[in-house]
Structure formats: structure tokens, C-alpha cells
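Open the model in your viewer and keep the selection tool ready. Each stop below says what to select and what is there.

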Amino acid sequence: MTSRATDATRRALSAAAEHLPMGDTQDFLDADRGLIARREDRQIRAADGRVVWDLDAYSFLDGPVPDTANPSLWRQGQLVSKDGLFEVVPGIYQVRGFDLSTMSLIETDTGVIVIDPLISKETAAAAFALYQEHRGPRAVVAMIYTHSHIDHFGGVKGVISQDDADSGRVPVIAPEGFMEHAIVENIFAGTAMTRRAGYMYGAAVEKGPAGQIGAGLGQTTSTGEATLIVPTIDITTTGQELTIDGVRIVFQVTPGTEAPAEMNFYFPDFHALCAAENASHTLHNILTLRGAVVRDSHAWAHYLTETIDLWGDDLDVVFASHHWPTWDRPRAVEYLAMQRDMYLYLHDQTLRLINQGYVGAEIAEILQMPPALEAAWHTHGYYGSVSHNVKAVYQRYLGWYEGNPARLWPHPPVEAATRYVAAMGGLDAAVTVAQRAYDDGDYRWAGQVLDHILFADATHAAARALQADTFEQLGFGAENGTWRSSFLAGAQELRHGQFGTPVSASADLLRALTVAQVFDSIAIRIDGPRAWDQHIVISWVITDDDVTFVTELRNGALNHRTVDAPLPGTTTFTLSRPTLIGLITATVDLAAAIDQGTVTVAGNPGDLGLLVSLLAPVDPDFAIVTP
Ligand SMILES: [Zn+2]
């Protein structure tokens with residue numbers, strides 16, 4: 001185990017540092033501007049005493065840049081880890097540094113509008129308490145979610161209650177499509193995304209100069225309770241206006257940008273724009289490393305052009321749900337325009353090169369951002385990267401296949417690895433190849449060779465150790481926070497075993513499933529081969545939704561549809577949607593529910609038992625850097 005930078009890494013980092021615009025220190029002025037107060041108690045805890053956020057976790061970043069970190073990412077971490085309550089302009093405030101995301105607060109005639117209540121109810125409650133401590137006990141008059149990602153709604157119950165929303169006291173405002181996307185993104189591939197997020201954010205990697213130093217977008221994710229209150233007002237069109245307790249808001253819907261359901265909005269009385277997550281102090285992700293449906297960089301750029309057209313002439317400040325604001329009209333507009341140029345250039349130039357026959361991995365090496373963008377800090381790839389974003393553009397338009405039939409039907413990883421290692425002369429000879437690459441500072445090649453060795457023999461001790469060292473050097477060199485964390489997470493698992501993934505299905509998110517989503521989530525757990533000889537048809541009368549579904553399992557696929565009445569001759573379950581969710585999440589026992597009368601059955605209750613017996617377990621801790 002090294003945990004030190006090699007000479008090659010040090011040389012690479014010094015060379016990279018020469019191209020950084022270190023003379024431009026405006027971001028530090030902006031990130032400190034308007035500081036009102038910091039929280040005295042530096043740890044935020046759950047009810048059981050567990051620390052879910054530590055405001056001092058990154059205080060080591062105050063020190064000089066070590067040779068184990070890219071100076072650009074180190075600088076970003078210094079900025080992002082600044083915490084406190086800040087005045088954006090009189091009447092608009094932000095609590096920053098309390099989670100991956102930022103909470104914004106707009107004061108109204110009698111109360112306050114809260115925008116994006118962080119990930120966890122504990123961090124959100126602490127952020128709101130800091131605000132109230134210094135701005136008075138103003139009541140929340142509206143809640144706004146800018147988009148469908150959990151770091152923008154998960155802490156809502158730390159600020160308002162379900163009853164506040166149900167009673168109509170606090171409208172909850174979100175872009176159209178919010179619920180569908182907030183849920184779907186977490187269900188279909190949720191298990192794999194959670195495991196991969198453990199790499200991307202490096203939650204289990206120790207924080208420190210040779211460890212996790214931030215995710216670029218925010219430092220890391222909090223680990224409290226994620227909650228959800230379903231929105232009560234949908235924003236459906238650009239130009240839609242609301243006046244909340246005397247404060248006017250004009251909305252711009254931006255679907256298919258950073259999130260499938262997202263919106264920017266403008267406060268005419270403050271000349272202030274909330275840019276959601278469409279403009280931030282990083283090149284964002286066209287495809288996040290945890291995995292997602294690939295985003296549309298073309299639409300993203302288009303909507304930023306529209307934003308400038310709508311409000312650029314009357315803009316004193318632009319703030320967002322990550323990072324610090326940008327003030328003054330020329331700077332704010334140029335910031336939005338540069339962000340736009342960045343996504344558009346990536347999109348257009350990738351397609352130009354695609355049409356010259358280049359594939360993603362090649363374009364990632366060729367494509368250079370314009371010097372003017374390189375010279376601005378906020379266009380650097382701290383969260384997204386040029387490298388993985390151009391591959392995402394390729395993926396959006398052309399998919400996984402590069403068109404070369406030599407790559408149409410390759411052996412899968414283990415089978416290919418066994419053959420590569422044999423061709424290199426066996427395991428030990430292959431390790432020698434990798435060691436030579438490592439010694440030469442060619443960590444990318446060392447990593448590729450070692451990947452083959454570990455997929456041929458995951459127990460090879462020398463290969464495991466060398467791959468961990470290799471990942472570490474790659475991590476130390478990375479400007480991107482999610483790359484660094486991914487490499488260091490891989491190194492940690494090779495050295496110390498898998499760190500495990502907390503199972504964190506939020507009860508509120510589960511409760512929000514629609515009936516169709518419940519059946520979809522059952523369907524993707526059917527063990528196909530075990531199920532393909534079964535034929536099970538069940539009718540479901542959902543009492544609270546006043547709808548009847550039929551599910552049919554045939555050929556290993558569970559389809560569902562709505563019907564006017566239960567199908568004659570099928571077993572029929574009559575129950576509420578929450579009870580149905582309870583049954584599939586095993587929080588409700590079927591026999592007990594039948595006894596209590598919360599589920600009634602006509603026909604054979606064993607049909608459900610048979611269906612459940614065909615569900616395959618998920619593996620939340622699958623291996624990543626080994627087979
Ligand atoms: Zn976010």
C-alpha cells in the first residue's frame with residue numbers, strides 16, 4: 001500500500017497546475033459573500049445520535065495542496081465545503097455546506113419560501129433552524145422542488161409536515177412529471193445505482209488528503225432519513241406565474257436537461273434567477289457515473305439560451321441548488337452563456353467527430369474545450385467530465401455498438417480476461433507487464449492489464465495490490481471528484497474487502513409508488529427461467545384508487561393492465577394501495593392481513609404465494625472490480 005504520489009503523478013499534477021487560471025480568485029469572494037452565521041454545533045445527528053453530517057469533515061482542505069490531490073479539485077473542495085447561512089440579496093438567503101445540495105430561502109410578506117430541502121430531514125432541519133435563528137421564526141409559506149433528484153426534496157419533512165401540505169397551508173410546487181421521475185429513477189435500476197453511487201461519492205472512503213476530498217458538486221451525500229411530500233402544484237409551462245404571499249415567481253420548464261423534470265424560475269421583484277441545477281460551478285453530467293438514462297445536452301443548451309432571452313436583461317444575481325451565486329448582470333449573463341456554450345460545444349463537436357467515424361473513447365481523447373472555457377473555473381469537470389460526457393453523447397445517438405463487427409460479439413469479461421492473460425504468458429508474466437506500465441507512469445494501461453488479471457483470478461494477491469496502487473495514482477491525478485472517489489473506492493475494496501451498501505429505500509418513496517409502479521417493480525424481480533413455465537392470472541381491486549388491475553405471468557414476463565371488473569375465474573385480491581405496497585415490501589403479512597380483513601381474497605390465496613416464490617433476491621453488494 002502506497003497512499004503516496006509517485007514521481008509520475010507528481011509530474012502530471014504540476015503540469016496540469018500550470019494550465020489552471022489560479023489568478024482568478026473571484027469564486028472565493030463569491031462563496032464568502034454575504035455570510036451571516038455558521039452553525040455552532042458542527043455535527044448534525046439523527047434522533048438516535050448517529051452523525052449524518054459533519055460540518056468540519058473537510059477542514060483539512062484549509063491546508064496546502066498535497067501531492068496526492070489535483071490542485072483544481074482541492075480548490076473546488078475548499079469552495080464547496082464552506083458552510084453557513086448567506087445573504088444572496090436582501091430577502092434571499094442560502095444555507096450552503098449542509099449537504100450535497102444547497103437550500104435557498106425567499107422571504108415573503110409574512111413568511112418564507114423554501115427551495116430544495118436537501119437530502120435528509122436532519123440536515124434540512126438544521127439548515128432551516130440556522131436560518132430561523134438569524135432571520136426570525138418565519139413560517140414556511142411554500143415549498144419548491146426544482147427537480148426530481150433526491151438531493152432536492154429528501155429533507156422536506158425536516159422543514160414542513162405532511163399535514164402542512166394536506167391542509168393546503170403550504171403548497172408544494174414542482175415541475176410536471178416530478179413524481180414519475182422521482183420514483184422511476186430510483187426503482188428500475190435502483191439497486192445497481194445505489195451500489196455504483198458508493199463508488200462515485202466514495203462514502204466509505206476515508207476523508208483526507210489522500211482520500212475522499214469532495215464530489216465537485218457538493219462534498220458528499222448526507223446519511224439521514226430521506227422523505228417525500230407529494231407536490232400539490234405542478235408547473236407545466238414556461239411563463240406560468242405564481243404569487244406567493246406577495247412574492248412573484250415566473251417559471252421556465254426545462255424537461256430533459258439535468259433531470260427529466262426540472263425548472264428554472266425568476267423572481268422579478270428581486271431580479272434574481274434560480275437556475276435549479278441547469279447552471280452550476282462545474283461541467284455537469286450528461287451521464288452520471290452511478291448510471292442513469294443519458295441526458296440531452298442539446299436540449300440543456302437550448303433551455304439556457306431561452307433563460308438568457310427571458311431574463312438576461314434584468315438579472316442582478318443567479319443562484320442555484322449547488323454552489324454559490326454569481327452576481328451583477330454582465331457576470332451573471334456571461335456565466336449562463338458559458339455554461340450554455342459548454343454543453344452545446346460538447347454536443348455539436350462530438351457529433352461532428354461521430355460523423356467522421358470516431359467512437360466515444362477516441363473522441364474523449366481528441367475533443368478539447370475552447371481556451372476561453374478552459375480559462376473559466378466553472379466549466380471544469382469536477383462532477384461531469386469531458387471524457388465521460390462525450391461518450392454519453394455518443395451513447396445517446398448511437399448506443400453501445402461502435403459499428404465495428406470485431407466488437408459486436410466479444411467474449412464477456414471473465415472469458416476475455418482468461419484469454420488475454422494466457423496470451424501474455426500467464427498470470428505472473430501479465431503482472432510483470434502491468435508493473436512495468438506502473439513504473440513508467442502509464443496507469444491507464446496498468447489498470448487495463450490488471451483488470452484482465454483480476455477477472456482471470458480475483459485472488460491473485462500481487463495483482464490486487466498493484467491494481468489498488470494503480471487506482472490510487474489515477475485517483476490522485478483526477479480533477480473530477482467522482483473519478484477520484486471511484487478510483488479510491490476501488491482501491492479500498494481491493495485492499496480491505498467490500499464496504500457494503502446501506503439499504504436506504506425511503507419509506508416515503510415506497511409509499512408514493514403508484515399501483516402500476518408496484519407491479520412494474522415486481523415484474524423486474526421475476527426469476528425468468530424459474531417462471532417461464534408458470535401461468536398465473538390475478539385480479540386486484542384497489543379500493544382507495546377505485547381501480548382494478550389484472551396481472552398475468554406468462555413466459556416469465558409479468559404484464560399488467562387495468563380492467564373494468566375482476567376477470568371471471570381468477571383469484572381476486574381486494575385491498576388498498578398502501579396494503580399492496582406493504583405486501584411487496586414484506587411489511588404486511590398476507591395471512592395476518594386476511595385475518596384482519598384488510599385484504600379479502602376470492603379464489604386461491606396461494607396464487608400470490610406462488611408469484612412471490614418466483615421473485616429473485618437482489619444483490620445490493622455485487623462485486624465491481626472483481627468478477
Ligand atoms: Zn442536485
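**Stop 1: the metal site**

Begin at the zinc ion, whose site is irregular, with angles of 82 to 171° among its four donor atoms. A cut-off explains the label: four donors count as tetrahedral if all angles lie between 85 and 135 degrees. Keep in mind that this is a predicted model.

Now select the protein donors of the zinc ion: Asp151 (OD), His152 (NE2), Glu277 (OE) and His322 (NE2). His152 and Glu277 link distant parts of the chain, 125 residues apart. Find His152 in the loop between β8 (139-144) and α5 (162-166). Glu277 is in the loop between β14 (272-274) and α8 (297-311). Are His152 and Glu277 buried or exposed? Both are buried.

**Stop 2: helix α17**

Select residues 481-496, helix α17.

Next, colour the buried residues of α17, among them Gly481, Arg484, Leu488, Ala491 and Leu494. Glu493 is also buried. Show the partners too: the buried residues of α17 pack against α3 (71-80), α7 (190-200), α15 (443-456) and α16 (461-477). Then step just past the helix to Gly497, which takes a positive phi of about 90°.

**Stop 3: aromatic pairs**

The structure holds 21 aromatic pairs. Select Phe519 and Phe549, a tilted pair with 5.5 Å centre to centre and 55° between the planes. Phe519 lies in helix α19 (residues 515-523) and Phe549 in strand β18 (residues 547-554), so the pair ties together parts that are 30 residues apart in sequence. Phe519 counts as buried because its relative accessibility is 1%, and buried means under 20%. Phe549 is buried as well, with a relative accessible area of 7%.

Move to Trp540 and Phe573. This pair is stacked, 5.2 Å centre to centre, with 25° between the planes. Trp540 sits in strand β17 (residues 536-542) and Phe573 in strand β20 (residues 571-575), so parts 33 residues apart in sequence are tied together. Trp540 and Phe573 are buried.

For a cluster, select Phe251, Phe265, Phe267, Phe270 and Phe319, which are linked by ring pairs.

**Stop 4: charges over rings**

Select Arg33 and Trp327. The charged end of Arg33 sits over the ring of Trp327, 4.0 Å from its centre. Then try Arg195 and Phe499. Here the charged end of Arg195 sits over the Phe499 ring, 5.5 Å from its centre.

**Stop 5: Leu615**

Finish in the segment after α23 (606-613), where you will find Leu615. At 18% relative accessibility, Leu615 counts as buried. Which residues is Leu615 in contact with, leaving aside its neighbours within four places in sequence? Select Ile522, Arg525, Ile526 and Arg530 to see them. Last, draw a C-alpha to C-alpha distance from Leu615 to Gly528: the two are 8.9 Å apart in space and 87 residues apart in sequence.

Note on methods. Residues are numbered from 1 along each chain as its sequence is written. This is a predicted model: local features need pLDDT of at least 70, side-chain atom pairs count only at pLDDT 80 or more; totals for chains, interfaces and linings use all residues. Side-chain values use heavy atoms; hydrogens and water are left out. Donors are N, O and S atoms within 2.8 Å of the metal (3.2 Å for Na, K and Ca); water is not among the atoms, so sites may look incomplete. Four donors count as tetrahedral if all angles lie between 85 and 135 degrees; four count as square planar and six as octahedral if opposite donors are over 155 degrees apart and all others between 65 and 115; anything else is irregular. Helices (H or I, at least four residues) and strands (E, at least two) are DSSP runs, numbered from the N terminus. Buried means under 20% relative accessible area, exposed over 50%, partly exposed in between (1.4 Å probe, protein chains only). The expected span of a helix is 1.5 Å times one less than its number of residues. Contact means heavy atoms within 4.5 Å. Rings of Phe, Tyr and Trp (its six-membered ring) pair if their centres lie within 6.5 Å; planes under 30 degrees apart count as stacked, over 60 as edge-to-face and the rest as tilted. A charge sits over a ring if NZ of Lys or CZ of Arg is within 6 Å of the ring centre and within 35 degrees of the ring normal.
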